Amino acid sequence: MSAEPHYTLYHPRWYRRRVSVWWWLQNRSYTGFVLRELTSVFVAFFAVVYLWQLRALAQGPEAYGQFLARLKTPLLLALDTVAFLFVLFHAITWFNLAPKAMVVRLRGKRVPDWVIVGLNYAAWLVLSGAVAFVLLRG
Amino acid sequence: MPSTVELTVARYRPEKESEPTFQTYEIPFRKDWVVLDALNHVKDSLDGSLSFRWSCRMGVCGSCGMKVNGTPKLTCATFLSDYLPGPVRVEALDYFPVVRDLVVDLTDFMRKLKQVKPWIIRKEEKPPGEGEYLQTPDQLDVYKQFSMCINCMLCYSACPIYGLEPSFIGPAAIALAQRYNMDSRDQGAAERLKILSEHDGIWQCTFVGECTKVCPKHVDPAAAIQQYKLTGATHWVKSLLLPWGAR
């Protein structure tokens, strides 16, 4: 497409409604969509906390102890809880949408949506289990 | 069962109004009536000045798309009985300029549709004497869903991205491009790639998913777009790794 988008010609008598700033409150799925987009902020938040943790770890046991103490403050606990809920929402909504983007055909027949969703959830459980095993082993 | 129901219709008469107003009509309620029947009743018996489009009244032509109680619907397939006790609010589709009352202008879509080349492209046409291009039922099955589109524009009216970014190619046009890309007889995918994978194509879509929900023919344009994102991204990676072999 050309660099300049084409718009329908202006016609003085046609009525064009402006999109309201509050369009995403018009129905529940719009609101759900905007919330899902917003989850990216919380995913980024977890990434930043993780980087902060690595930095503290590199600085030695004292810095790491301080980092752990900070994590236990009510403000960070509350933030973590909210972020966790958003990340959970992020994961679940994207897993449920996966079969739309992934069409797998086996012997000419389309693999049913529930199988694709199921495999995603199964992979999630197995990976979470593996991480939990590594962390809780000691 | 009520004997009448209120029909609230958006009116826009450019010669005397600067923006749409609502007019309410009391119409007889019949359980076999769809919203389009109610509009035709208004036009025939109550107010001949009401303007709206319709043709086949059986969900095939795609002319009678309007918003019913805020949701884009084919009015020929939307029963009044599902909206009892009323009132039933009918408005023109969102995001298209309103020409009059419930009639919108679709020039923008028509131009975009043409850009995605929704027809079978062959590198070399074989002479008609050599026969048809054959296709198996399995090959048909791959794209059939996307071929059911009737251009009713409900998906555009449900897409907030199209409202906010009018240059977006939009759900139906991309689904129809995919319909031809996935057709085993077509060889034009590379020609469609440019328009589809540029800024106003698939990457404008943030997967709201409402286009699929409102589609009366179960085309699932949201899936068509997400699947093409995968194709577009794969092509991009290939062109990086194998600059000589990807085209």
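Between which two helices of chain B is the place of Asn151(B)? Asn151(B) lies in the loop that joins helix 3 (137–143) to helix 4 (154–158) of chain B. The model is predicted: local features need pLDDT of at least 70, side-chain atom pairs count only at pLDDT 80 or more, and totals for chains, interfaces and linings use all residues. Residues are numbered from 1 along each chain as its sequence is written, while chains are lettered from A and ligands numbered from 1 in the order in which they are written. Helices (H or I, at least four residues) and strands (E, at least two) are DSSP runs, numbered from the N terminus.

**Cis peptide bonds**

- Most residues other than glycine have a negative phi, and most peptide bonds are trans.
- The bond from Leu84(B) to Pro85(B) is cis, its omega being near 0°.
- Pro85(B) sits in the loop between strand 4 (71–74) and strand 5 (88–91) of chain B.
- A cis peptide bond also leads from Gly86(B) to Pro87(B), with omega near -5°.
- Pro87(B) belongs to the loop between strand 4 and strand 5 of chain B.

- Tyr95(B) has a positive phi, near 70°, and is placed in the loop between strand 5 and strand 6 (98–100) of chain B.
- Asn151(B) has a positive phi, near 55°.

**Burial of these residues**

- A residue is buried if 20 or more other C-beta atoms lie within 10 Å of its own, exposed if 12 or fewer, and partly exposed in between, with C-beta atoms placed from the backbone.
- Tyr95(B) is buried because 21 other C-beta atoms lie within 10 Å.
- Asn151(B), with 18 other C-beta atoms within 10 Å, is partly exposed.
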